[in-house]
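Look at the structure first, then read the points below.

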2 protein chains.
Amino acid sequence: DFVEDIIPEGHIAHYDLNKLHSTKDAMKLKEHVLIATPMQTFHDAYWSNLLKMSYPRSLLELGFIIPRTPTGDETLKKLEAAVKNVQTGKVEDRFAKITILRQDSQSFDKLGEKERHSLAVQKERRSAMALARNELLFSSIGPSTSWVLWLDADIVETPATVIQDMTNHNKPVLAANVYQRFFDKEKNENSIRPYDFNNWAESEKGLEIAKNMNEDEIIVEGYAEIATYRPLMAHFYDKAGKIDALMALDGVGGGCTLVKAEVHRDGAMFPNFPFYHLIETEGFAKMAKRLNYEIFGLPNYLVYHIEE
Amino acid sequence: DFVEDIIPEGHIAHYDLNKLHSTKDAMKLKEHVLIATPMQTFHDAYWSNLLKMSYPRSLLELGFIIPRTPTGDETLKKLEAAVKNVQTGKVEDRFAKITILRQDSQSFDKLGEKERHSLAVQKERRSAMALARNELLFSSIGPSTSWVLWLDADIVETPATVIQDMTNHNKPVLAANVYQRFFDKEKNENSIRPYDFNNWAESEKGLEIAKNMNEDEIIVEGYAEIATYRPLMAHFYDKAGKIDALMALDGVGGGCTLVKAEVHRDGAMFPNFPFYHLIETEGFAKMAKRLNYEIFGLPNYLVYHIEE
Ligand SMILES: Nc1nc2c(ncn2[C@@H]2O[C@H](COP(=O)(O)OP(=O)(O)O)[C@@H](O)[C@H]2O)c(=O)[nH]1
Ligand SMILES: Nc1nc2c(ncn2[C@@H]2O[C@H](COP(=O)(O)OP(=O)(O)O)[C@@H](O)[C@H]2O)c(=O)[nH]1
Ligand SMILES: [Mn+2]
Ligand SMILES: [Mn+2]
């Protein structure tokens with residue numbers, strides 16, 4: 001897939017995109033995966049989970065984008081220290097490439113989980129997130145990237161084989177089910193609950209709502225104020241079900257979503273403007289569909305969002 | 001704008017997109033420009049025009065994408081030879097970086113000027129061109145690219161200062177006026193005529209046509225079959241006018257169009273699906289507008305398309 005530079009001193013790089021593959025045998029075929037993470041806060045648990053992943057680091061590229069806010073300054077320091085630690089360690093333990101970007105577009109400083117989830121703040125916040133994701137994507141995807149794993153900075157627990165498992169499904173876009181661990185005070189025990197409601201299948205009601213909206217209105221999923229009756233993947237988790245069960249989706253979140261690089265290269269990005277009344281990761285899903293790609297989710301494949 | 005790798009041996013690159021600028025003093029401020037060219041045929045005249053450009057080559061990145069067709073094979077050979085010639089020459093004459101991509105998506109083999117301009121073939125051909133442009137864009141734009149000059153492979157004549165001149169206008173998207181030299185048999189003299197009709201301003205009629213179209217229909221400009229009465233920049237050339245006259249546009253072609261890299265990084269790409277009933281470069285213009293960027297053209301600034 002990567003044809004060695006014909007004249008290295010002249011900075012010429014040849015790539016045959018036609019021979020660049022993303023297959024179900026990603027690891028065996030040495031396919032490069034870019035892990036793309038917009039990072040407002042550096043969580044140790046994110047980093048240690050990343051380091052536990054068993055996909056060979058020589059095939060992993062990391063891309064981070066950090067907001068230009070005081071919180072971002074802190075985050076950058078911590079990320080740099082963590083990165084330095086790995087990349088100056090044993091050669092075989094290093095990642096193939098790490099890109100750290102400081103955001104150009106508007107960023108929001110840290111909001112609490114409640115605040116940032118209020119419906120009023122969604123359009124602005126998610127528009128800003130869309131731009132951050134696009135900046136990261138355009139600046140870190142390379143000509144030898146086969147897959148992009150969108151992994152939020154507050155995903156603190158995944159199976160170590162998450163990349164092998166997800167690539168093995170060989171889908172253009174595939175979302176894991178993002179849950180959250182918490183302590184259930186009523187039952188007095190540790191428990192889990194659904195976290196990300198952006199993974200959904202379209203509904204009649206959702207289409208009807210969209211149809212009656214003004215051009216610039218958006219639907220954001222997971223709010224009682226807009227009852228779409230869309231089947232949400234978060235609710236389809238079946239503890240007794242097969243871990244590799246698939247569910248067709250129309251919208252995705254960015255928590256832990258694997259994308260074939262060709263989907264992005266064909267043009268699928270994160271609209272910050274209403275695209276079929278959807279923005280950011282949900283708009284991306286719609287755009288991928290317009291580019292004739294299918295989207296799936298793994299309802300029984302859980303990854304965990306931090307509890308704040 | 002480019003912070004030196006903190007640990008070069010670890011392949012870490014830091015970029016502060018916030019400090020990456022695209023200004024009217026591009027050359028003085030050493031801003032990197034990516035010249036992006038989808039190339040079906042290698043024309044010597046394109047190459048010699050490129051070599052005549054006076055923007056410093058140390059600030060120029062070149063990106064090419066070549067179709068996977070027999071014509072493409074020929075083109076690749078010629079391009080490689082030309083590139084090798086420059087990049088093994090004097091160090092100060094070399095381009096900063098050259099990326100040559102072989103296309104993954106569908107390509108059309110060479111069609112004659114008449115054939116490829118027939119309305120029937122437009123949707124399919126321009127959809128394919130959109131994917132090619134996206135593949136090229138996503139794989140060659142780097143974190144230190146300030147501007148992207150879309151320059152078609154059959155643009156054989158521009159002023160040598162084209163990059164300085166166009167960046168100096170400091171516009172998010174700016175299209176030169178693409179003309180064609182020809183021999184006027186009636187008058188028995190050399191003459192010029194408009195070539196690219198994709199640079200246009202929206203019209204009432206155009207909006208009305210779009211409004212009455214099915215979701216998946218597209219308008220391609222420059223066809224008598226669809227009379228949009230849109231003001232076409234090609235018709236606004238005024239020989240006696242100022243060379244730096246500006247005209248607000250809503251659609252652009254890809255012949256010779258300069259784009260601030262941040263417009264692309266925010267997500268503006270070339271839709272291969274109808275986006276407000278527009279595709280490819282015209283769809284790109286609409287997307288840039290949705291991202292709140294303004295689009296202009298230079299009616300009196302001529303560049304020339306080859307005559308076949
Ligand atoms: N670069 C950047 N990243 C952000 C910004 N806001 C949030 N993030 C990151 O984007 C991801 C999603 O944001 P988050 O606030 O966790 O969204 P939620 O979990 O859906 O409520 C996380 O990885 C955050 O660290 C921002 O303004 N800029
Ligand atoms: N990569 C690629 N480039 C192409 C293909 N078809 C045309 N081109 C190039 O795309 C640009 C525009 O195409 P062209 O046929 O000249 O369009 P026109 O001048 O608008 O009729 C030129 O630079 C062509 O060399 C294709 O299938 N793949
Ligand atoms: Mn989160
Ligand atoms: Mn042409």
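A:R290 and B:D216 form a salt bridge, with their closest N and O atoms 2.7 Å apart. A salt bridge here is a side-chain nitrogen of Lys or Arg within 4 Å of a carboxyl oxygen of Asp or Glu. Side chains of opposite charge can pair when their charged atoms come close.

This is a predicted model, in which local features need pLDDT of at least 70 and side-chain atom pairs count only at pLDDT 80 or more, while totals for chains, interfaces and linings use all residues. Residues are numbered from 1 along each chain as its sequence is written, chains are lettered from A and ligands numbered from 1 in the order in which they are written, and side-chain values use heavy atoms, with hydrogens and water left out.

**Where chain A meets chain B**

- The count between chain A and chain B is 2 salt bridges.
- Chain A and chain B also have 22 residue pairs in polar contact, both residues being at pLDDT 80 or more. A polar contact is a pair of N or O atoms within 3.5 Å; within protein, one must be able to donate a hydrogen and the other to accept it, and residues adjacent in sequence count only if both atoms are side-chain atoms.
- Several elements of chain A give two or more residues to the side that touches chain B, among them helix 2 (70-87), helix 4 (119-140) and helix 8 (280-290). Helices (H or I, at least four residues) and strands (E, at least two) are DSSP runs, numbered from the N terminus.
- In contact (heavy atoms within 4.5 Å) are 54 residues of chain A and 53 residues of chain B.
- The two chains bury about 4,600 Å² between them, 58% of it on carbon and sulfur atoms. Buried area is the accessible area (1.4 Å probe) that two parts lose on being put together, summed over both.

**Strands across the two chains**

- Strand 5 of chain A runs parallel to strand 2 (residues 12-16) of chain B, and 5 bridges join them. Two strands pair if DSSP finds at least two bridges between them.
- A:I100 has B:H14 in strand 2 of chain B as its bridge partner.

**Salt bridges within a chain**

- Over all chains, the whole structure has 28 salt bridges.
- A:R230 bridges to A:E221, with the closest N and O atoms 2.9 Å apart. Both A:R230 and A:E221 are buried. Buried means under 20% relative accessible area, exposed over 50%, and partly exposed in between (1.4 Å probe, protein chains only).
- B:E74 and B:K77 meet in a salt bridge of 3.8 Å, N to O. They lie 3 residues apart in helix 2 of chain B, about one turn of the helix. B:K77 counts as exposed because its relative accessibility is 58%.
- B:E157 and B:R181 form a salt bridge of 2.6 Å, N to O. B:E157 is in strand 7 and B:R181 in strand 8 of chain B, so the pair ties together parts 24 residues apart in sequence.
- A:R126, A:R133, A:D152, A:E280 and A:E282 are linked in a network of salt bridges.

**A buried aspartate**

- B:D154 sits in the loop between strand 6 (145-151) and strand 7 (155-157) of chain B.
- B:D154 counts as buried because its relative accessibility is 16%.
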